[in-house]
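Dear colleague,

Here is the structure I said I would pass on.

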Amino acid sequence: MAEEATANTDDTTADPAQRRGRFGISRKVRVTFMKFAASSAAATVAGQLVLSFLYWTHLTTAGISSAIAFLTGSVINYIAYRKWTWQRKGRPSLRHELLPYIGVVAIYGVGTVGITKLTHMWLSPLVEDTAFRGLLLNACFLFATGVLFLFKFLLLNRVFGERHGKGSPAATSPS
């Protein structure tokens with residue numbers, strides 16, 4: 001009993017942002033990741049709706065549909081990541097935020113669209129039903145986004161996080 005009280009006292013005296021979880025990850029990074037995941041989920045749903053609409057109505061091909069879906073999600077993500085996930089304010093820096101974000105998104109996009117397109121090319125001859133092929137395309141898109149998700153977080157945490165030092169907007173904003 002006394003050991004529990006001591007353990008709780010020691011835990012509460014630490015800075016909440018510096019507390020480490022089970023895997024040695026700070027509370028701040030865990031909260032940021034949860035916001036990142038929620039923002040990504042919303043953007044993914046929007047992208048899936050666009051992908052489904054474009055592909056199932058035969059307005060575009062699988063590759064173009066997934067590219068448009070990806071771009072739709074990217075715009076939603078940029079706004080949500082910047083303002084909510086990393087709580088950046090003011091005008092974005094072209095050199096320190098926008099261009100690196102575009103670079104990360106481009107790598108992520110090429111990976112996502114490439115995996116989706118290659119998987120579709122492989123599965124398409126095996127499935128004749130257009131509706132089922134559409135479901136497979138959506139599954140491929142979700143698989144590709146899932147595979148690259150952690151990689152994207154790590155890179156974007158460097159772009160929007162506190163990597164710029166004490167003078168950066170992220171480091172000087174009130175907590």
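The notes below cover nonpolar cores, aromatic contacts and a surface patch. Please keep in mind that this is a predicted model.

Cores. The largest nonpolar core has 16 residues, and those touching the most other members are Phe36, Tyr81, Trp86, Tyr101, Leu156 and Phe160. At least two residues of this core come from each of helix H3 (62-85), helix H4 (94-123) and helix H5 (130-160). H5 gives the most, with six residues. Another core, of six residues, lies apart from this one; Leu51, Ala62, Ala69 and Phe141 are among its members.

The search of the whole structure returned 14 aromatic pairs. One of them is Phe70 with Tyr108, a tilted pair with 5.8 Å centre to centre and 40° between the planes. Phe70 belongs to helix H3 and Tyr108 to helix H4, so this pair ties together parts that are 38 residues apart in sequence. Phe70 counts as buried because its relative accessibility is 11%, under the 20% cut-off. Tyr108 also counts as buried, at 6%. Separately, Phe33, Phe36, Tyr78, Tyr81, Trp86, Tyr101, Phe149, Phe153 and Phe160 form one aromatic cluster.

Surface. Trp56, Phe132 and Leu135 make a nonpolar surface patch of about 300 Å². With 48% relative accessibility, Leu135 counts as partly exposed, because exposed would require over 50%.

Regards

Terms used: Residues numbered from 1 in each chain as written. Predicted model: local features only at pLDDT ≥ 70, side-chain atom pairs only at ≥ 80, totals over all residues. Heavy atoms only, no water. Core = buried A, V, L, I, M, F, W, Y, C linked by side-chain atoms within 4.5 Å. Buried < 20%, exposed > 50% of the residue type's maximum accessible area, 1.4 Å probe, protein only. Helix = DSSP H or I, 4+ residues; strand = E, 2+ residues; numbered from the N terminus. Patch = residues over 30% accessible without salt bridge, like charges linked within 9 Å, V, L, I, M, F, W, Y side chains within 5 Å. Areas by Shrake-Rupley, 256 points an atom, 1.4 Å probe, with all protein chains shown as cover. Salt bridge = Lys/Arg side-chain N within 4 Å of Asp/Glu carboxyl O. Phe/Tyr/Trp six-rings, centres within 6.5 Å; stacked < 30°, edge-to-face > 60°.
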